[in-house]
Amino acid sequence: MEEKAVLKDILNLFNEAKKNPKMAKRYIQLAKKMAMKTNAKIPKELKRLYCHKCLSLFNSKNSETRIKNGFKVVKCLECGSYNRTKIC
């Protein structure tokens, strides 16, 4: 039961991050810390929404998205890192 409550809190933090872009990095940091502390996994849909290096929430202004060789490649324009996800 505790894991369900943690996942609910993580979803709430990501929703707050979408509403308040200035605090998005902090909300994502809190969500990651909460998941690590309780050994819960952040859903794949939410993992694809932020940069894993600088924790910034992706939007059209701070990221570039390309499709290359069956992968969706998202480049963070804030730190320059790439996030790759396979397209089924």
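The exercises below proceed from the overall fold to single residues.

The structure is a predicted model, in which local features need pLDDT of at least 70 and side-chain atom pairs count only at pLDDT 80 or more, while totals for chains, interfaces and linings use all residues. Residues are numbered from 1 along each chain as its sequence is written, and side-chain values use heavy atoms, with hydrogens and water left out.

**Exercise 1. The overall fold**

Task: State how many helices and strands the protein has, and in what order they run.

Solution. Step 1: Helices (H or I, at least four residues) and strands (E, at least two) are taken as DSSP runs, numbered from the N terminus. Step 2: Counting them gives three helices and three strands. Step 3: Read from the N terminus, the order is α-α-α-β-β-β. Step 4: For the overall dimensions, the C-alpha atoms fill a box of roughly 40 × 30 × 20 Å along the principal axes. Step 5: Of the 88 residues, 31% count as buried; here buried means under 20% relative accessible area, exposed over 50%, and partly exposed in between, with a 1.4 Å probe and protein chains only.

**Exercise 2. The nonpolar cores**

Task: Identify which residues of the largest nonpolar core touch the most other members.

Solution. Step 1: A nonpolar core is a set of buried Ala, Val, Leu, Ile, Met, Phe, Trp, Tyr and Cys residues joined through side-chain atoms within 4.5 Å. Step 2: The largest core has 16 residues, and those touching the most other members are Ile10, Phe14, Ile28, Ile42, Tyr50 and Leu57. Step 3: Two or more residues of this core come from each of α1 and α2. Step 4: Another core of five residues lies apart from it, with Cys51, Cys54, Phe58 and Val74 among its members. Step 5: As background, nonpolar side chains tend to be buried together in soluble globular proteins.

**Exercise 3. The salt bridges**

Task: Find how many salt bridges the whole structure holds, and describe each pair.

Solution. Step 1: A salt bridge is a side-chain nitrogen of Lys or Arg within 4 Å of a carboxyl oxygen of Asp or Glu. Step 2: The search finds two. Step 3: In one of them, Glu16 pairs with Lys19, with the closest N and O atoms 3.9 Å apart. Both residues belong to helix α1 (residues 2-19), three residues apart, about one turn of the helix. Glu16 is partly exposed at 34% relative accessibility, whereas Lys19 is exposed at 63%. Step 4: Lys25 and Glu78 form a salt bridge through their side chains, at 3.4 Å from N to O. Lys25 lies in helix α2 and Glu78 in the loop between β2 (71-76) and β3 (82-86), so this pair ties together parts that are 53 residues apart in sequence. Lys25 is partly exposed, at 39%, and Glu78 is also partly exposed, at 48%.

**Exercise 4. Two residues in their surroundings**

Task: Decide whether Ala24 is buried or exposed, and do likewise for Ser56.

Solution. Step 1: Ala24 lies in helix α2 (residues 24-38). Step 2: Its relative accessible area is 4%, so Ala24 is buried. Step 3: Contact means heavy atoms within 4.5 Å. Leaving aside neighbours within four places in sequence, Ala24 is in contact with Ala17 and Leu57. Step 4: Ser56 is placed in the loop between α3 (44-47) and β1. Step 5: Ser56 is buried because its relative accessible area is 2%. Step 6: Not counting residues up to four places away in sequence, Ser56 touches several residues, including Lys25 and Glu78.
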